[in-house]
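Colleague: I have the model open and would like to go through it with you. Could we start with how the helices pack and then move on to the chains?

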Amino acid sequence: MALKMVKGSIDRMFDKNLQDLVRGIRNHKEDEAKYISQCIDEIKQELKQDNIAVKANAVCKLTYLQMLGYDISWAAFNIIEVMSASKFTFKRVGYLAASQCFHEGTDVIMLTTNQIRKDLSSPSQYDTGVALTGLSCFVTPDLARDLASDIMTLMSHTKPYIRKKAVLIMYKVFLKYPESLRPAFPRLKEKLEDPDPGVQSAAVNVICELARRNPKNYLSLAPLFFKLMTSSTNNWVLIKIIKLFGALTPLEPRLGKKLIEPLTNLIHSTSAMSLLYECVNTVIAVLISLSSGMPNHSASIQLCVQKLRILIEDSDQNLKYLGLLAMSKILKTHPKSVQSHKDLVLQCLDDKDESIRLRALDLLYGMVSKKNLMEIVKKLMTHVDKAEGTTYRDELLTKIIDICSQSNYQHITNFEWYISILVELTRLEGTRHGHLIAAQMLDVAIRVKAIRKFAVSQMSALLDNAHLVASSTQRNGICEVLYAAAWICGEFSEHLQEPHQTLEAMLRPKVTTLPGHIQAVYVQNVVKLYASILQQQEQAAEAEAAQEVTQLMVERLPQFVQSADLEVQERASCILQLVKHVQKLQAKGVPMAEEVSALFAGELNPVAPKAQKKVPVPEGLDLDAWINEPPSDSESEDEKPKAIFHDEEPRHVRRRQPEEDEEELARRREARKQEQANNPFYIKSSPSPQKRYRDAPGVEHIPVVQIDLSVPLKVPGMPMSDQYVKLEEERRHRQRLEKDKKKKRKKEKDRKGKHRRHSSLPTESDEDIAPAQQVDIVTEEMPENALPSDEEDKDPNDPYRALDIDLDKPLADSEKLPVQKHRNTEVSKSPEKDEVPVVEKKSKKPKKKEKKPKEKEKKKERERKVEDLDFWLSTTPPPAATPVPSMQEELSVNTVTSPKDESEGPKREELEDEEDNTEHDQERKSSRHKKKKHKKEREEKEKKKAKRKQPEREHEQEEPVQNGAAEEEEEETLPPMSSYRLLAENSFIKMTYDIQASLQKDSQVTVSVILENQSGSFLKNMELSVLDSLNAKMARPEGSSVHAGVPVPFQLPPGVSNEAQFVFTVQSIIMAQKLKGTLSFIAKDDDGATHEKLDFRLHFSCSSYLITTPCYSDAFARLLESGDLSMSSIKVDGISMSFQNLLSKICFYHHFSVVERVDSCASMYSRSIQGHHVCLLLKKGESSVSVDGKCSDPTLLSSLLEEMKATLAQC
Amino acid sequence: MIKAILIFNNHGKPRLSKFYQPYSEDTQQQIIRETFHLVSKRDENVCNFLEGLLIGESDNKLIYRHYATLYFVFCVDSSESELGILDLIQVFVETLDKCFENVCELDLIFHVDKVHNILAEMVMGGMVLETNMNEIVTQIDAQNKLEKSEAGLAEALACAVSAVKNMNLPEIPRNINIGDISIKVLNLPSFK
């Protein structure tokens, strides 16, 4: 036996090992493939042997071959064999091979489960380690499911080496088996505070990776991370945390404010550039997330920009690159602070590193002004010439166009220069962006009337030299510019100097090689050109010349008729026939010019993309009205529910209708005209979009263009944009001189040389530069009576729509974070005061809206703004003031009430001052845990608190939107309300319970049970056991069996009560359900101890899955309109309670919030933990109340209504 | 997350490839080729980041360092800090230098398995496991010791045989030293 072993190992010595294999491959450079296939054969032989060492050697070689690109999946089974070797050496080889080539499709992978489990529990930490490492690469959903609990145990291993690997691999497990996240998370969180820095770092790593995908779920960890950030010294960990905060701040702006200070400190103190950079990045993210209203932001921005400048100036290219990258983020929100570093950015344009140049280009976009545009573009043009790679050149090209055309050509003072730039760009070969240039040419030529003459001359030159542009037609998109050139020359042919020549150019046979859509434009515009030539010649009475042109057309057009492109063919055939007809008539001596040009009379104006939407609905036209009577059968029963929310509907209709008030309309039109008159870039577009004949009386509407003749319109030779730069400089200089000194022209010429030097001095400000031409940029055509609106994308019919985004987000936030609810109270503090100034500051928008004729609508808008403001306020409250209102709101919302003595109040406030708001939730829970309470006492306190609040809420009476629960004192006193219901009672103990849902966990509810000892015995060993149903399960400590009870974490001396919380997992929330359970405990008194039991039934009502969620009326209206909700209604008779109290009751017991209240009618909203929307309309009649509900789930709605019926029946 | 770690030489020959997402062998080779193509045409004095392309999503970046004859390329997504990864590469190379005692390309050629083992102590399943070089070296040493104790006599014999084999061959050149391996990036203190 021993001999055999020795023999085996001797054999092995002469086997090829990895080194031999590598060496062999290197020695067989010519026939490498052959050699390797030979080796693979050998390996196959080796794998057949029993000796595990031989196998391991073979697998090791296979791993190397895998790297060279050879498929080794055929050896998967052998790899598993080697993985299961007892020796670490071989095991490692096996796991390495597996990690390199196993994936989810590997079928033998399921065979590894037990082996891996064995290795995970191996006494040797390296066996475990190697298994974890391997598993991290090839974990499959099955493996993850089967091994999750093993790995979870390893997270608490004694060796940090194992712990950190186990923690890290959990991320992979979560990915493959998401169900494991919830149970594993508490432990993972624990590991954030592991004594070993490696484990800690691994936990941070995993949580950051998780949070990056779903940041909102991890907001609650912010305080913990905050602590880590301020305590950790591990840069790697710090970077991860800081990056994570960058992802969290957009969700919770107040977090950002808290972060700024420590981050700024880090920026100042750290010496590690990587950390500094990430800090700056996160500060930027914070600044972006915060509204810019805060005054002390500028300091932080300055700090960031200043630090970034240091990075950019660094000789290290990496830092330079990252600095520019971060700078561009600032640019988006704070362009001014970046602009001062223009010099630096321009410098970076010259960098030899393409990545850096690209980043600098991004930055340039935000930096141009009227003054420096030409200079910057000139610089870019030289780069275009130099650029060798097409990618970079294309990037340059798009950037040039972007920069020039941004905000409606705001920075262009000389359009001739711009056209020349565009023409120069057409000389780029192989660019993909021909269509971009073409679009710019068209846009400029159409919208800037003054430039048309120049543009036409340039375009005709381009057409003449089409062979240059189109030389490599098929390859690239630059020939697209011919599309623009042809169209411009045709459309504005009256400006052509030599139309005949252009016509010839457009009829060249070479044209037929162009893409079809360009040919089509050629054909169409040839006729336009032809029409204008005809006219010229007939006016000059050159009948023969006219006939010659017609002849030319007849000769050349057939080449297009034969085109394979349908469009070209069709157009050409039509036109050919037309021209032939003209020819016939011409032969008879009939003058044709008038008629032919009438075909193209009128001007095409640019139409705004949104124009169609802006057409106002004519008076008296109801778009929603049926054109034909609807089928009669739908009218009977079904019609009824439709009318539920009928008080809403008229409002919408009204909104859609055009303003009826003629006076108001006229006034507004006047105002608009005034505004347009003051806008230099606005040309009064003609009152009607209809075609006008050039000689029609409407001529006055065409803006008269005054051309400043100080700039010659035509520059000799080919247009070189540089010449314009020079000319422009001179012009500006002259302008300045004229303005400042008013010297004589002669003198000026003499001193030209000097001037030029001066002109580069940056003395003139942007405003001083008057445009070269009195340029009118034609705005895009709008329909008559189009409603003016600030934002283009706003639908004029629904002015509330644009506010959508603003409101939805905060709403979501407030849902996640209970503390956010205090916004209500905060508004109530001083809305009237704040509203006025801030709204006015907001400039145009409110002013315009105030013009709305309808009183109600106006009022509505006011409310909206107040609400809008609320949010703004609540996000930027003075830090000290935050906790107080939040506490009050907590009470007013009433879903959770924590009992406390008056004296305890301030204590908590102090606490909250120190802690971040997000901790609030947890804190509240824990505090509740500690405190003993008596129900009645609590209720009284509640009322007291509400009373104290009263003064602050005075104004609330003016607001129709209120939370019902908040105003219980207003009318009559309500009977005290408590959400705690009796669970069970016997001589020993009384149990009351409440169920709270939290949005963070969409399938969990917390049941708080107050246990009150009513006996004289000491109660201990209390244990709550609940019989799980399929749908609802109690969350039990890990490892305990399904039927085990959950111990109550306290004992009860006689007469004392305390509260315990239990978490239940609920799958479906659409039905109410009851769970049976038992509380067992030991009652001990002087006589001895007895074992006691108390059965109970835990009732999970549907209302307990709802979360009080505020909702704005427009969002509410949209929700109702969406049609996704099903509806149902109930009616309860014999109710005497006041409407106010009814509302409060429903708000309190069923977790609704009032959206809007009009008289004895109110709309209410709530949301379930699983995101169902529930809308209610509560109407009170004489002695009855009807409740109409709409909900995304019909079953949930009917269950809710049933519950509500029960509540109402008690009223 | 780190998506892939590649080491190849100036001619594009792969010396180590570790993909943290499954790809077929062909795709892997293609990625290596393309990465080499992108990285190798860059000058020495340009920044070490390359954006986009290659593996999967668009927020991926290539972060690389070039040492003498070898390129070390990490493909990472946006959750990783650029400078942090550069430091990590430095730590990786320094660790190799320690474990191989003056590492050169040949070490990587002949002992790719060992390089894998070292890497496994630093990066696990695409996530950074350890950045402290001393800790990494300690673990590697301990594993090597364990390996030796398992090998015993047979392994010693094998060593001898291997030495004999080597004798027949032309001298293995050890002069392709990674000269600037010890050059630290001054403003980037390594993690500790």
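**Helix packing and the chain contact**

Modeller: Keeping in mind that this is a predicted model, we can begin with a helix pair in chain A, where P160(A), R163(A), K164(A), V167(A), L168(A), Y171(A) and F174(A) of α10(A) are in contact with G198(A), V199(A), A202(A), A203(A), N205(A), V206(A), E209(A), L210(A) and R213(A) of α12(A).

Colleague: What classes of residue make up the contact of α10(A) with α12(A)?

Modeller: That contact consists of ten nonpolar, two polar and four charged residues.

Colleague: And at what angle do α10 and α12 of chain A pack?

Modeller: Helix α10 of chain A, residues 160–176, and helix α12 of chain A, residues 197–213, pack at about 10°, and their axes are 8 Å apart. Angles under 35 degrees count as roughly parallel, and α10(A) and α12(A) are therefore roughly parallel to each other.

Colleague: Which side chain does K176(A) meet in a salt bridge?

Modeller: K176(A) pairs with E104(A), at 2.5 Å from N to O. This pair links distant parts of the chain, since K176(A) is in helix α10 of chain A while E104(A) lies in the loop between α6 (88–101) and α7 (112–120), 72 residues apart.

Colleague: By class, what does the side of chain A that touches chain B have?

Modeller: On that side, chain A has 30 nonpolar, 20 polar and 23 charged residues. The contact takes 73 residues from chain A and 73 residues from chain B, and 31 residue pairs between the two chains are in polar contact, both residues being at pLDDT 80 or more.

Colleague: What area is buried between chain A and chain B?

Modeller: About 6400 Å² is buried between them, and carbon and sulfur atoms give 55% of that area.

Colleague: Back to helices: how do α22 and α24 of chain A pack?

Modeller: Helix α22 (residues 373–386) and helix α24 (residues 415–425) of chain A pack at an angle of about 10°, with their axes 12 Å apart, which makes α22(A) roughly parallel to α24(A). From α22(A), L373(A), M374(A), V377(A) and M381(A) meet W417(A), I421(A), E424(A) and L425(A) of α24(A), so that by class the contact has seven nonpolar, no polar and one charged residues.

Conventions
Residues numbered from 1 in each chain as written. Chains lettered and ligands numbered in written order. Predicted model: local features only at pLDDT ≥ 70, side-chain atom pairs only at ≥ 80, totals over all residues. Heavy atoms only, no water. Axes fitted to C-alpha atoms, helices over the stretch in contact; angles between N-to-C directions. Helix = DSSP H or I, 4+ residues; strand = E, 2+ residues; numbered from the N terminus. Parallel < 35°, antiparallel > 145°, perpendicular 65-115°, else oblique. Contact = heavy atoms within 4.5 Å. Buried area = accessible area lost by both parts, 1.4 Å probe. Polar contact = N/O pair within 3.5 Å; in protein donor to acceptor, adjacent residues only side chain to side chain. Salt bridge = Lys/Arg side-chain N within 4 Å of Asp/Glu carboxyl O.
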